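Please examine the model below before reading the notes on its architecture, ligand shell and local geometry.

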Amino acid sequence: MSEKTVHTVRFEPVGVEMEVEEGEWLLDAAFRQGIAVPHGCREGQCSSCKCLLVDGDIEVQDYSTFALADYERETGHILLCRSYAFSDVTIELLNFDEDLMRRAIAVKTFDGVLSAVTSLTHDTRLLEVQLERPMKFWAGQFVEIGVPSGASIVARSYSMASTQSTPKTLQFIIRKYPDGAFSSLIDSTLTPGTAVTLKGPFGMCFRREGRAGPMVLVGGGSGMSPLWAILQDHIESGEQRPIRFFYGARTRKDLFFLAEFAAVAAKLVDFEFIPVLSQATEADAWSGETGFVHEAVERILREQALPGELDAYTCGPPPMIDAVLPVLRRLGIALDHTYVDKFTPASASTPNLVH
Ligand SMILES: Cc1cc2nc3c(=O)[nH]c(=O)nc-3n(C[C@H](O)[C@H](O)[C@H](O)COP(=O)(O)OP(=O)(O)OC[C@H]3O[C@@H](n4cnc5c(N)ncnc54)[C@H](O)[C@@H]3O)c2cc1C
Ligand code: FES
C-alpha cells in the first residue's frame, strides 16, 4: 500500500502547526485535528477563510470569484476550504479569532433520525433530529445534514435553532425552495423516521459570553435559526444585557414565533423584537416597521444610541448580509465584534465557480 504524502502547515501569527495530506483540503485537515481556523460556508463561496500564503506551494480550486477575486489570487491570497498543499507551507491568518481557537470543538459525524417536522409558515419548517449520542456545539453554530435522495445522499449546511441544553435533540429552521435538492424533500420523502447524518459543528457565529454591552441580532428568512439559538442560550445563561432583534420578512405571512418573542420580552429586562416587512400589503394591516431590515437597523440604532460596546450577529441570505454589514460599520460596531453567517447556496448550485 502506498504511503500518503503529508505536509506541514504553519499558521502565523499564532504559531500553530498541523499536517495535511496531499489531496485533502486545508480546512478539512484543520477540522480533523481540532484546530479552529476562520471559516464559514466550507465551499469556496463566502470568503471567511481567506488567508495569505507566505511560503510554499498551494493550489486553489473550485471557488467563487465573489469569495476570492482574481486580483486577490494574484497577491497570494487563498481560501483554506478550497486549497491543496503540495509542499510544507506557511499561511498568515487574516482574521483569526482567539475566542474561536480557545473554544474549538473537533468535528465528528453523528447518526440520527428526523423525529418531527412542524410548519412555521407557508415555506418554513422546524425540523427536529434525535441523535444517537450528544453533540457538543456552541449556540449559533451549524452542521452539514446528509439525507437520502433517491439512490444518493444530498448534504447541506443548516444552523441549529436549539442550544446545548438538549445535546441529543437538535432543532433546525429550514426554508423550502421549490427546486432545492435538499429543502424540496421536506414534506415529501424527508418525513419523521428518516435516518439522517450530521457532521459538525462548524461556524464562528456563536454567542460570545460575559459581554456587558448591548447585543444586536439581525436576520432574514431562515437566518432566524442561529439567532434564535443565540437568544435562547443568552436567556439560559442568566446574563442580562440590552438586546435588539431585527428580523426582515416580506409580508406578515412570513413571520413566526411571535408568541415566543412576546414571552422572551417578558423574561428579559431590555429586549425588543423588531420585525420589518419589505412588501407589506393592505391585507397585512401592518403598523410595524416597513422597508428593508438594514434601513431599520440604521435608523433605530441611531435614534436609540445605546450606551456601551455593541456586539452584532447577523445571519441569512447573502444580499441581506451584504446590505447589513456596511450599516454595522457606519454605526461604529467593531469588525471583531461582528459575527456573520452568510447562507450561501451550495457550490453545486452556483454557476460562477473557478475550477
Ligand atoms: C453556514 C450556512 C448555514 C446555513 N443555515 C441554514 C439554515 O439554518 N436554514 C436554512 O434554511 N438554510 C440554511 N443555509 C442554506 C442551506 O445550506 C441551503 O443552501 C438551502 O437550504 C438550499 O439548499 P437546497 O438543496 O434546498 O437548494 P439547492 O439545490 O442548493 O438550490 C436549488 C435552487 O434553489 C434556490 N435557492 C437555493 N438557495 C437559495 C437562496 N439562498 N436564495 C434563493 N434561492 C435559493 C435556487 O433557485 C437554486 O438554484 C445555510 C447555509 C450556510 C452556508
Ligand atoms: S469557508 Fe472558505 S470561502 Fe467560505
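The notes that follow are grouped by topic.

This is a predicted model, in which local features need pLDDT of at least 70 and side-chain atom pairs count only at pLDDT 80 or more, while totals for chains, interfaces and linings use all residues. Residues are numbered from 1 along each chain as its sequence is written, and chains are lettered from A and ligands numbered from 1 in the order in which they are written. The protein chain is divided into domain 1 (6-102), domain 2 (108-203) and domain 3 (215-342); these bounds come from an automatic or database domain assignment.

**Overall architecture**

- The protein chain has seven helices and 21 strands; helices (H or I, at least four residues) and strands (E, at least two) are DSSP runs, numbered from the N terminus.
- For 355 residues, a compact globule would have a radius of gyration near 20 Å, and the 21 Å of the protein chain agrees with this. The radius is taken over C-alpha atoms, and the globule rule is 2.2 Å times the number of residues to the power 0.38.
- Along the principal axes, the C-alpha atoms of the protein chain fill a box of roughly 65 × 50 × 40 Å.
- Buried residues make up 39% of the 355 residues of the protein chain. A residue is buried if 20 or more other C-beta atoms lie within 10 Å of its own, exposed if 12 or fewer, and partly exposed in between, with C-beta atoms placed from the backbone.
- Between the C-alpha centres of domain 1 and domain 2 the distance is 28 Å.

**Shell around ligand 1**

- Ligand 1 is surrounded by 27 residues, of which the closest are Gly 180, Ala 181, Phe 182, Ser 183 and Ser 222. A residue is near a molecule if its C-beta atom, placed from the backbone, lies within 6 Å of it.
- Ligand 1 lies between domain 2 (108-203) and domain 3 (215-342), because both give residues to its shell.
- Strands β12 (152-159) and β13 (169-175) each supply at least two residues of this shell.
- By residue class, the shell around ligand 1 holds 13 nonpolar, ten polar and four charged residues. Ala, Val, Leu, Ile, Met, Phe, Trp, Tyr, Cys and Pro count as nonpolar, Asp, Glu, Lys and Arg as charged, and the others, Gly among them, as polar.

**Strand pairing around β9**

- Strand β9 (residues 108-119) runs antiparallel to β14 (residues 195-202), and six bridges join the two; two strands pair if DSSP finds at least two bridges between them.
- Within this pairing, Gly 112 has Val 196 of β14 as its bridge partner.
- β9 is also antiparallel to β10 (residues 124-131), to which seven bridges join it. Here the bridge partner of Val 113 is Gln 130 in β10.
- Four residues lie between β9 and β10 in the hairpin that they form.

**Helix α4**

- The 14 residues of α4 (residues 224-237) should span 20 Å at 1.5 Å a residue, and the end C-alpha atoms are 20 Å apart, which agrees. The expected span is 1.5 Å times one less than the number of residues.
- Ten of the 14 residues of α4 are buried, so that the helix is mostly covered. Among them are Met 224, Trp 228, Asp 233 and His 234.
- Gly 238, with a positive phi near 80°, follows α4.

**Local backbone geometry**

- Glu 12 and Pro 13 are joined by a cis peptide bond with omega about 5°; Pro 13 sits in the loop between β1 (6-12) and β2 (16-21).
- A cis peptide bond with omega about 5° also joins Gly 200 and Pro 201, and Pro 201 is in strand β14.
- Ala 285 has a positive phi near 45° in a residue other than glycine. Ala 285 lies in the loop between β17 (271-277) and β18 (289-290) and is exposed, with 8 other C-beta atoms within 10 Å.
- Ala 305 likewise has a positive phi, near 40°. Its place is the loop between α6 (293-304) and β19 (311-316), and Ala 305 counts as exposed because it has 7 C-beta neighbours inside 10 Å.

**Leu 277**

- Leu 277 belongs to strand β17 and is buried, since 23 other C-beta atoms lie within 10 Å.
- From C-alpha to C-alpha, Leu 277 and Phe 110 are 38 Å apart in space, and they are 167 residues apart in sequence.
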